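Colleague: I'm new to this one and would like to learn how to read it. Could you take me through it feature by feature?

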Amino acid sequence: MVRVVGIRTRAAIIRSQRITGLAPDVIAELVAEIGPLWHERHQAVLTARPRRRAVGAGAKYKLVFVDRLLATLVHLRHATTHDVLACWFGVDRSTITRAIGEVRPLLAERGCTVAPDIRLRTLAEVIDHLGASGQTGIIDGTEVRVRRPAAGRKDREKFISGKNKQNAVKSMVVTDAEGRLLFCSPAEPASCADITHARKLGLVELLADGPAVEILADAGYQGLGAQTGGRVVTPPHRKFKKNPPEWYEEMHERQRKAHSSRRIRVEHGIGHLKNWRSLARHHGRREHMSDTIQAVAGLLSHQQAATASGTRT
């Protein structure tokens, strides 16, 4: 195997959390977990197609798996272009594109890490975890700007956000009361309302038939409380639209602030997600957004779990 990035350079990249966004021990765990999966899929692809030569013959890959993982992490963290990464690692641009395309889905499939022995991959597992631990969940939608679809494309207007008036995709984020990530849904076009997105994900059925869990949400989810037996808690409705009494204004403002102070932690969790530049604005293909969002959520939750358990860089 040809070594493109030197040992010292690779070690310097791994040691610097500013470059990868992860602690060295978290990267070591990723290598041990994802490396065998990547090798297994790689071998399956080689043996599945018609071949004139035996598996292993021909030119060798220049990038070892560790370098492929590091290139993917740097791309997700800083939205570094494939051309820059190709110059950095001393390979062709197509090699970086192929490496990121292989590693990113593996990162997305990991789910969110709550503890070393607990990992949540579906919304149903999140609801069960919150019910078993007696914790409060918080949900909110977040949008990521994407490139404008080409003219004449079917359903082109679906990506226009009614809130920001920009082309974007939307994802529903679930955190616990401390703001730690528990779930990040696949991306939907931004024209989809928050409450509609939650219904598509099956949140109503999971709460109605599952454990007694309190879920805090903003005004975009008003209506789910009645459908879930009051398990989704939204800001109080304003009963007096005109000329409200002074006592009502004070009471309404006090209730609204109390709810907002409990729900604000989900905004902190979304803020940590947006620190990864690939989610601040996505310049790649929109078809890859679901994998990108879920991969970043899984990496960030793993880092949060490692920090909470006392692991240090």
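**Reading the model, feature by feature**

Modeller: Let's begin with helix α6, where Thr-95, Ile-96, Ala-99, Ile-100, Val-103, Arg-104, Pro-105, Leu-106, Leu-107 and Ala-108 are buried. Buried means under 20% relative accessible area, exposed means over 50%, and partly exposed is in between, using a 1.4 Å probe and protein chains only. Before we go on, this is a predicted model: local features need pLDDT of at least 70, side-chain atom pairs count only at pLDDT 80 or more, and totals for chains, interfaces and linings use all residues. Residues are numbered from 1 along each chain as its sequence is written, and side-chain values use heavy atoms, with hydrogens and water left out.

Colleague: How do I read a pattern of buried positions in a helix?

Modeller: An α-helix has 3.6 residues a turn, so residues three or four places apart point the same way. In α6, the buried residues include Ile-96, Ala-99, Ile-100 and Val-103.

Colleague: What covers the buried residues of α6?

Modeller: The cover includes α3 (24–48), α4 (65–78), α5 (82–89) and α14. Helices (H or I, at least four residues) and strands (E, at least two) are DSSP runs, numbered from the N terminus. The chain has 14 helices and eight strands.

Colleague: Which residues have the most contacts inside the largest nonpolar core?

Modeller: A nonpolar core is a set of buried Ala, Val, Leu, Ile, Met, Phe, Trp, Tyr and Cys residues joined through side-chain atoms within 4.5 Å. The largest one here has 50 residues, and those with the most contacts inside it are Leu-22, Leu-69, Phe-89, Ile-96, Leu-107, Leu-273 and Leu-299. Its largest share, eight residues, comes from helix α14 (residues 289–308). Apart from this core lies another, of 22 residues, with Val-114, Val-213, Tyr-221 and Val-232 among them.

Colleague: Can you zoom in on some individual residues?

Modeller: Not counting residues up to four places away in sequence, Leu-69 touches Ile-27, Leu-30, Val-31, Val-103 and Leu-107. Leu-30 lies in helix α3 and counts as buried, at 0% relative accessibility. Leu-30 and Leu-107 are 77 residues apart along the chain, and their C-alpha atoms are separated by 8.7 Å.

Colleague: What should I look for in the backbone angles?

Modeller: Most residues other than glycine have a negative phi, and most peptide bonds are trans. Here Ala-79 has a positive phi of about 55° although it is not a glycine. Ala-79 is found in the loop between α4 and α5 and, at 32% relative accessibility, counts as partly exposed. Asp-155 also has a positive phi, of about 60°. Asp-155 lies in the loop between β3 (137–145) and β4 (168–176) and is partly exposed too, at 40% relative accessibility.

Colleague: How about the chain as a whole?

Modeller: Along its principal axes, the C-alpha trace spans about 80 × 50 × 35 Å. Of the 313 residues, 43% count as buried. Among contacts between residues at least 6 apart in sequence, 65% join residues at least 24 apart.

Terms used: Contact means heavy atoms within 4.5 Å.
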